[in-house]
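Please read the following points alongside the coordinates. They are meant as a careful colleague's note, with the cut-offs stated where each term comes up.

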Amino acid sequence: MHRWSQLFIPTLREAPADAEVASHKFLVRAGYVRQLAAGIYSYLFLGQRSFHKIMNIVREEMDKIGQEFFLPALHPREVWEASGRWTVMGDNMFRLKDRKGADLCLGMTHEEIMTEIARKELRSYKQLPQIWYQIQTKFRDEPRPKSGLLRVRQFTMKDAYSFDIDAAGLDVSYQKHRKVYCDIFERCGLKYVVIDAHSGAMGGSQSEEFMVRTPAGEDLVVSCEKCGYAANMEKATSKLAPVEELPAEGDGKPFEVHTPGMASIADIAAFFKMSPKNDIKTVAYMAQKPSEDGSKTLEVPVIAFLRGDHMVNETKLLTLVKGSELRPMQAEELEKYFQGPAGYLGPIGLVPAAKEQLGTWPDAKKQAPQNPRVVQVILDFGLEGRQNMVCGANKLDYHFKNVTPGRDFQWTVAADIRNVEAGEACPKCGTGLRIDTAVEIGHIFKLGYKYSESMGARVLDKNGKEVTPIMGSYGIGIERILTAAIEQSNDENGFWLPPSIAPFAIVVTPTNVSDENLLKTAEKIAQDLEKAGFDVLLDDRDERPGVKFKDADLVGIPYRVTVGKKVTEGTVEVVLRSTRTMQDVSISAIVEHFQKVLSPSR
RNA sequence: CGGGGCGUAGCGCAGCCUGGUAGCGCACCUGCCUUGGGCGCAGGGGGUCGUAGGUUCAAAUCCUAUCGCCCCGACCA
């Protein structure tokens with residue numbers, strides 16, 4: 001039996017000053033974790049117990065569809081070079097050298113290692129499909145670790161990989177994971193949503209994220225309460241309400257207006273007494289990506305135009321142009337492409353690339369020298385069909401009026417490159433969309449052929465023909481399940497976890513251990529409950545009741561049995577932490593009581 | 001990477017401006033007391049003031065460098 005007096009549960013009355021989010025404060029205060037360095041934590045007794053429960057649930061469910069492996073966390077450079085990600089991962093990957101000077105890295109994820117096994121071992125379609133998973137420590141050198149266990153540099157992940165002979169098979173594997181993930185999060189007692197996710201520039205065809213809404217989250221979820229549409233910010237779209245156009249002025253053609261010092265959209269809208277919706281916003285970037293061999297960075301100019309009140313979504317833009325990074329243009333670059341200064345930029349006079357050149361990079365097209373002023377011009381869908389707008393004239397202190405896209409300027413491609421805003425119409429049913437911050441706890445992803453192809457995995461199909469297996473990858477953040485659960489259920493005194501993932505389901509608290517009768521009764525109750533399969537903690541510390549109650553409220557245990565005065569009447573109190581509701585239960589019926597409200601942990 | 005803040009006892013903080021033997025609350029230890037919401041009294045232990053260098057008779061305090069941690073930003077030209 002676990003006796004509190006003998007355990008190391010270092011609870012704190014005060015949270016560390018640098019803890020911001022609830023889960024961080026309480027994980028530290030409740031003695032679950034201690035910080036070792038930025039984004040690196042030690043898990044103490046209670047924390048580890050909770051993680052074990054979570055991992056067991058994950059394991060039990062995953063075993064229904066796959067096989068558990070355990071791969072190295074330390075990887076040789078070569079494996080990552082084979083997939084091309086040695087360079088792609090950049091500073092996010094921890095790298096080190098062994099004594100011989102050979103390059104190694106700490107695994108951020110294990111597509112490469114799993115594919116390496118598949119490449120060496122899988123020979124025939126008869127061996128497919130395969131689903132392999134592991135629960136492993138991952139290392140990511142986050143630019144900015146934060147929010148306690150939410151964004152860290154070392155964490156535990158369940159990652160799974162599927163290998164199928166064809167897309168139909170992948171779909172089956174994908175759906176199996178989707179089902180199992182729902183079961184896992186259900187068992188963990190989380191309220192979650194499944195959303196459409198951005199599947200990256202790498203040709204993934206389908207991807208969904210499992211999100212828990214919480215203010216502590218860093219991801220944005222766009223959702224419709226009416227029809228169930230849900231997507232992340234990188235993927236979400238909306239229907240735009242029509243905009244009232246400005247009347248054409250003069251001969252209807254663009255003309256310059258002197259706008260001294262009006263360098264922002266707010267200034268211009270005020271100056272012309274119009275809505276920012278009638279303005280064309282210019283956003284100018286240099287898109288970057290590493291060259292094939294990783295030896296240098298390739299750059300192309302990318303210029304986006306959006307409605308004045310819209311915000312560009314850099315991920316959408318980056319995906320569109322197939323780049324890996326964006327940086328704002330500098331003054332000389334603005335001068336080169338626009339021949340005008342910041343604050344007065346506009347589309348008229350630009351040299352847009354042809355549609356076929358979208359996402360092409362200079363190195364690849366060396367043989368076809370082009371006009372150095374050519375840029376990729378991206379028009380947001382929100383500007384299509386608009387007329388008589390205002391934009392910068394590419395000339396200090398001047399703007400154009402009467403600008404109509406398509407008539408007065410052209411573009412490389414029109415696309416959705418903006419952020420949806422709360423209240424805009426749902427793309428499916430037209431209801432107002434809501435936007436919430438959320439934490440990503442799981443992600444399922446049809447990878448396609450990226451790794452199997454680049455790393456040379458091949459099997460023979462029925463006809464004896466060599467084919468490349470198609471892959472999926474599927475992740476669950478173990479720590480994030482706990483943090484999300486805490487974010488979801490806490491108050492000023494502490495938090496309460498779903499019994500399935502709490503370190504203990506029940507804490508038995510004798511109010512006074514120097515009272516022999518109370519202590520003996522409490523021990524008996526704890527023993528009986530334990531025998532019945534419940535995880536029980538006996539708070540046998542020689543402390544005042546107030547101290548024990550405060551600690552019990554703090555540490556996340558969902559039920560408390562208070563053994564106090566009423567034992568003389570043969571009853572104890574059962575307290576439900578979440579609602580603070582209290583109920584007298586006769587000692588003889590205590591096991592039965594919990595058998596009704598809880599399922600045994602063992 | 002850019003900007004800001006903070007490093008003083010396990011935790012939370014004061015002291016620094018104006019240099020002169022390092023303090024408070026909680027926690028911890030001992031004893032007494034108390035026992036239904038972080039109780040009371042008495043006594044006690046614990047700190048290279050992040051690190052290194054400099055200025056000075058004297059540095060937690062002033063200067064320089066460095067390390068660490070936290071927050072904001074890295075879309076709206």
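1. Strand β8 (residues 130–139) is largely enclosed by the rest of the structure, because nine of its ten residues are buried; buried here means under 20% relative accessible area, exposed over 50%, and partly exposed in between, with a 1.4 Å probe and protein chains only. Helices (H or I, at least four residues) and strands (E, at least two) are DSSP runs, numbered from the N terminus. The model is a predicted one, in which local features need pLDDT of at least 70 and side-chain atom pairs count only at pLDDT 80 or more, whereas totals for chains, interfaces and linings use all residues. Residues are numbered from 1 along each chain as its sequence is written, chains are lettered from A and ligands numbered from 1 in the order in which they are written, and side-chain values use heavy atoms, with hydrogens and water left out.

2. Which strands pair with β8? Two strands pair if DSSP finds at least two bridges between them, and by that criterion strand β4 (residues 67–68) runs parallel to β8 over two bridges, with E68 opposite Y133. Strand β9 (residues 154–164) pairs with β8 in the antiparallel sense over ten bridges, and here Q134 stands opposite D159.

3. For the chain as a whole, 14 helices and 34 strands are found in chain A, and its C-alpha trace spans about 95 × 65 × 50 Å along the principal axes. Of the 602 residues of chain A, 53% count as buried. Among contacts (heavy atoms within 4.5 Å) between residues at least 6 apart in sequence, 71% join residues at least 24 apart.

4. Strand β33 (residues 571–576) pairs with β34 in the antiparallel sense over six bridges, and L576 has T581 in β34 as its bridge partner.

5. Why does the count of disulfides come to zero? A disulfide is a pair of cysteine sulfur atoms within 2.5 Å, and the sulfur of C224 is 3.5 Å from the closest cysteine sulfur, in C429, which is too far for a bond. C426 is likewise in no disulfide, the nearest cysteine sulfur, that of C227, being 3.6 Å away. As for accessibility, C224 is buried with a relative accessible area of 4%, and C426 is buried with a relative accessible area of 0%.

6. One cavity of 30 Å³ or more is present. A cavity is, on a 1 Å grid over the protein atoms alone, a set of points where a 1.4 Å probe fits but cannot get out, and lining residues have an atom within 4 Å of a point; grid points are joined across faces, edges and corners, and a volume is the space filled by probe spheres set on the points. The largest cavity holds about 30 Å³ of space and is lined by V507, A552, D553, I557, R560, V575 and R577. This lining divides into four nonpolar, no polar and three charged residues, where Ala, Val, Leu, Ile, Met, Phe, Trp, Tyr, Cys and Pro count as nonpolar, Asp, Glu, Lys and Arg as charged, and the others, Gly among them, as polar.

7. K273, at about 50°, sits in the loop between α7 (265–271) and β15 (280–290), and counts as exposed at 77% relative accessibility. D397, at about 65°, lies in the loop between β20 (389–392) and β21 (398–403).

8. Not counting residues up to four places away in sequence, Y449 touches S454, T468, P469 and I470; Y449 and G472, 23 residues apart in sequence, are 9.0 Å apart in space, C-alpha to C-alpha.

9. Helix α11 (residues 478–488) is largely enclosed by the rest of the structure, because nine of its eleven residues are buried. Among them are I478, E479, I481 and L482.

Note on methods. 1 Å grid on protein atoms, 1.4 Å probe; cavity = no way out; pocket = protein on both sides within 12 Å on 5 of 7 lines; lining within 4 Å.
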